[in-house]
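Take a look at the structure before reading on.

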Amino acid sequence: MKTKKLLSLALALILALSAVALTSCGSSAPMVPIVCGETGMNDLCGIATYGVNYYNLGVKAGDMAADILLNEADTATMKVQGDPDPALSVNTTVAEAINFTIPESVSSKVSGGETKKVTRVDEALAAEGGDYTVGILQLVQHVALDQSNEGFQDQLSKRMSEAGKTVTILDKNANGDEANNVTIAENFVSQNVNLIYTIATSSSQAAANATKESKIPVVFNAVTDPVDAGLVASLDAPGANVTGVSDMNPVEKQIDLIGELLGKDDVKIGFLYTSSETNSQMQVKLGKAQCDAKGYTYVEKGIVDMNDIESALTALAKEGVDAIYIPTDNVLANACAMVHSVNIGE
């Protein structure tokens with residue numbers, strides 16, 4: 001009888017420990033709602049955002065490049081473009097994965113954020129010997145930057161076709177390496193391309209430096225603050241051979257959206273960003289200022305690379321944040337699938 005009692009107690013202890021282990025395992029996932037600064041990122045790991053559409057921004061850049069090449073438009077007076085009215089979109093798939101219900105007050109205002117798809121004219125893209133040669137310098141491969149590249153080539157080919165011209169495109173990727181940025185930009189200059197299209201801030205800076213003497217036109221994209229980056233004198237009057245498209249997103253509206261999603265005023269936000277990216281630092285600064293204005297509290301976690309994502313998300317969850325805000329950040333944009341996997345505990 002005593003033996004049976006001991007076995008029963010032992011079995012009960014084992015079951016209790018198993019239950020604790022299962023509970024602990026199940027709660028290890030942060031499961032925190034995320035709002036991203038950009039629609040493509042939000043499609044992978046966020047629940048809602050007012051986000052710029054990088055394909056559409058690429059189309060804008062394609063038009064600017066076509067105006068420079070075909071109509072001899074002056075980059076010095078060509079205003080920097082942007083997205084004047086970022087659309088509100090929601091991601092019910094991610095919301096369901098983290099057991100979050102998007103309130104009707106938000107879902108009723110969804111404005112789409114449709115991609116203004118342009119049909120590429122392949123005949124206008126010459127493998128070599130085109131009427132014009134355009135070099136593309138992209139910092140790294142990820143969904144947002146890829147979309148800005150695609151939109152640019154689609155629209156440029158369309159404009160070339162309409163004008164009865166062809167263009168040869170030299171598409172190069174720096175793979176996130178600053179030295180590659182410089183080398184590619186200098187190679188484009190030595191090849192005497194007619195125009196350089198750059199995607200991301202550091203790639204744009206490399207091209208701007210490389211073309212100081214040649215004055216080859218540079219059209220940039222995916223640059224959050226081109227004035228602060230030293231690319232243009234002002235948004236309305238760039239002043240030299242460099243102009244383009246800014247991907248500045250409505251940070252204040254996105255912070256306000258977090259409060260609306262949560263349906264409360266005492267909000268605590270976690271900022272997750274790459275500490276070495278100046279564009280991310282600037283957006284976090286704007287976000288924190290908006291938190292101060294709204295009376296929200298916040299904590300921030302800067303990462304060095306993708307290896308820091310799991311620990312940073314876990315740390316933010318332990319801080320008790322109600323939501324996480326991720327700006328338009330190249331490292332995190334490249335790792336959105338990982339962010340989502342960590343957040344749901346996969």
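A salt bridge here is a side-chain nitrogen of Lys or Arg within 4 Å of a carboxyl oxygen of Asp or Glu. The model is predicted. It holds nine salt bridges.

**Salt bridges at Arg159**

- Asp63 pairs with Arg159, with the closest N and O atoms 2.8 Å apart.
- That pair links distant parts of the chain: Asp63 sits in helix α3 (residues 54-71) and Arg159 in helix α6, 96 residues apart.
- Asp67 also forms a salt bridge with Arg159, and the closest N and O atoms are 2.8 Å apart.
- Asp67 is in helix α3 and Arg159 in helix α6, so this pair ties together parts 92 residues apart in sequence.
- Arg159 counts as buried because its relative accessibility is 16%, under the 20% cut-off.
- Asp63, at 26% relative accessibility, is partly exposed.
- Asp67, at 25%, is partly exposed.

- Asp154 and Lys117 meet in a salt bridge at 3.4 Å, N to O.
- Asp154 lies in helix α6 and Lys117 in the loop between α5 (104-107) and β4 (132-138), so the pair ties together parts 37 residues apart in sequence.
- Asp154 is buried at 2% relative accessibility, whereas Lys117 is exposed at 53%.
- Shared partners join Lys117, Arg120, Glu150 and Asp154 into one salt-bridge network.

**Cavity**

- The count is one cavity of 30 Å³ or more.
- The largest cavity has a volume of about 110 Å³.
- Of its 16 lining residues, the closest to the centre are Tyr54, Asp247, Thr328, Asp329 and Asn330.
- Helices α6 (143-163) and α12 (330-333) each supply at least two lining residues.
- The lining divides into seven nonpolar, six polar and three charged residues.

Technical notes: Residues numbered from 1 in each chain as written. Predicted model: local features only at pLDDT ≥ 70, side-chain atom pairs only at ≥ 80, totals over all residues. Heavy atoms only, no water. 1 Å grid on protein atoms, 1.4 Å probe; cavity = no way out; pocket = protein on both sides within 12 Å on 5 of 7 lines; lining within 4 Å. Points joined across faces, edges and corners; volume = space filled by probe spheres on them. Helix = DSSP H or I, 4+ residues; strand = E, 2+ residues; numbered from the N terminus. Nonpolar A, V, L, I, M, F, W, Y, C, P; charged D, E, K, R; others polar. Buried < 20%, exposed > 50% of the residue type's maximum accessible area, 1.4 Å probe, protein only.
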